[in-house]
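I opened my notebook to go through this structure one item at a time.

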Amino acid sequence: MDLHNFEYKVINFMKQILMEALEYAKPYINQGKVATYIPELGKMDPSKLGIALINCDGKRFAEGDFDFPFTIQSISKTVALAFAIMDNGKNYVFEKVGMEPTGDSFNSIIRLEAINQSKPFNPMINAGAIAVDSMILGDSVEERFQRLLSFFKKVCHNESIQYNKSVYKSERETGHRNRSLAHFMKDSGVIDGDVDEVLEVYFRQCSIEITCQDIAMIGAVLAKNGMSPINGEQIMPREVAKLIKTFMVTCGMYDASGEFAIKVGVPSKSGVGGGIMAAVPGKMGIGVFGPALDNKGNSIGGTKIMEYLSHKLDL
Ligand code: DON
């Protein structure tokens, strides 16, 4: 078989698998609900469903609503953690944030006081992610956020990425739980500097607008241990990419991380905007989108797509 013919067969095979994954996931969507605790997210259409896949050679495959924009939400915690480690070094970051999964919901406050350890358990829950944001360097909110946004653009290989102003506003107006987490951590010395400024970075970061293709690219960079699948540039150190993937396995799907690891077995990170970003080490990045969420805040259609792909592609 000549190379052209072989490539054509691969493209057809992938198209078929992605379409099957969408068909498989669709019936589950009506068991979920879009997030409403941030009112602007409640406007999302629950029937949307999309997939993008980028392999470690930079080849792209996509089906469904793969080009539909949505907010990155908690998936951003992976990229922000990489950036904070690049700014401060691993030792400094993990003096302030732990490495253990909690089994609690993403915005839980209980362990900040209940356990004799004031630092948040890990950087994937809200408390840990807010603490991580407090370590991003810059003299002002604007500088810190713009540095972080530039890093997102670089990782996603997409210079047009911005944050969604109405989701940000909604997030900011209703972010009382996040404020309480941040003020608690300020009181216990985990957060240095101005709490409101840190929260401002966090609210904007969660509102960054992306598509399945952008998060598939984040996954592909992580799958390739920090190297761009497009131009070979080392975007983040190997060690940092490996560490992020480990957190994705242990804490990426919150209190569903154990079940997800058994059923899917791929390092993944969800967000209440409906996205799931996955990194299959050495193989590919996957971005899925479906705003109907299960009761743990993970995309219900996205989880089903991941189950299907993991099984069919033996991930
Ligand atoms: O902090 C929040 O409430 C959101 N902006 C992000 C949370 C999130 O995406 C949780 N993920 N499943």
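Predicted model: local features only at pLDDT ≥ 70, side-chain atom pairs only at ≥ 80, totals over all residues.

**Entry 1: the largest pocket**

I began with the largest pocket and found 15 residues lining it, with Glu259, Lys263, Asp294, Thr303 and Glu307 nearest its centre. For the record, the search runs on a 1 Å grid over the protein atoms alone: a cavity is a set of points where a 1.4 Å probe fits but cannot get out, a pocket is an open set with protein on both sides within 12 Å along at least five of seven lines, and lining residues have an atom within 4 Å of a point.

Residues are numbered from 1 along each chain as its sequence is written, and side-chain values use heavy atoms, with hydrogens and water left out.

I noted a volume of about 240 Å³ for the largest pocket; a volume here is the space filled by probe spheres set on the points, which are joined across faces, edges and corners. Which helix gives the most to this lining? It is H13, with 4 residues. Helix H12 (257-263) and helix H13 (300-312) each supply at least two; helices (H or I, at least four residues) and strands (E, at least two) are DSSP runs, numbered from the N terminus. By class I wrote down 5 nonpolar, 4 polar and 6 charged residues. In this scheme Ala, Val, Leu, Ile, Met, Phe, Trp, Tyr, Cys and Pro are nonpolar, Asp, Glu, Lys and Arg are charged, and the others, Gly among them, are polar.

**Entry 2: the second largest pocket**

Next I looked up the second largest pocket, of about 190 Å³. Its lining includes Phe6, Val10, Leu53 and Met284. H1 provides the largest share, 5 residues. This lining divides into 7 nonpolar, 1 polar and 2 charged residues.

**Entry 3: the cavities**

How many cavities of 30 Å³ or more does the structure hold? I found 2. The largest cavity has about 80 Å³ of space, and among its lining residues are Thr102, Arg111, Phe121 and Ala127. Helix H4 (residues 110-114) contributes the largest share of that lining, 3 residues.

**Entry 4: the ligand**

Then I turned to the ligand, which has 15 residues around it, the closest being Tyr37, Gln73, Ser74, Glu171 and Tyr202; near means that a heavy atom of the residue lies within 4 Å. The shell consists of 7 nonpolar, 7 polar and 1 charged residues. I found an N or O atom in the side chain of tyrosine 37 at 2.6 Å from an oxygen atom of the ligand. A nitrogen atom of the ligand is 2.6 Å from a polar side-chain atom of glutamine 73. At valine 272, a polar backbone atom lies 3.0 Å from a ligand oxygen atom.

**Entry 5: two positive phi values**

Last, I checked the backbone. Most residues other than glycine have a negative phi. Histidine 157 has a positive phi, near 55°, and is in the loop between helix H6 (141-156) and helix H7 (165-174). Asparagine 225 also has a positive phi near 55°, and lies in the loop between helix H10 (212-223) and helix H11 (238-251). Is asparagine 225 buried or exposed? I have it as buried, at 14% relative accessibility, whereas histidine 157 is partly exposed at 28%. Buried means under 20% relative accessible area, exposed over 50%, and partly exposed in between (1.4 Å probe, protein chains only).

Conventions: Polar contact = N/O pair within 3.5 Å; in protein donor to acceptor, adjacent residues only side chain to side chain.
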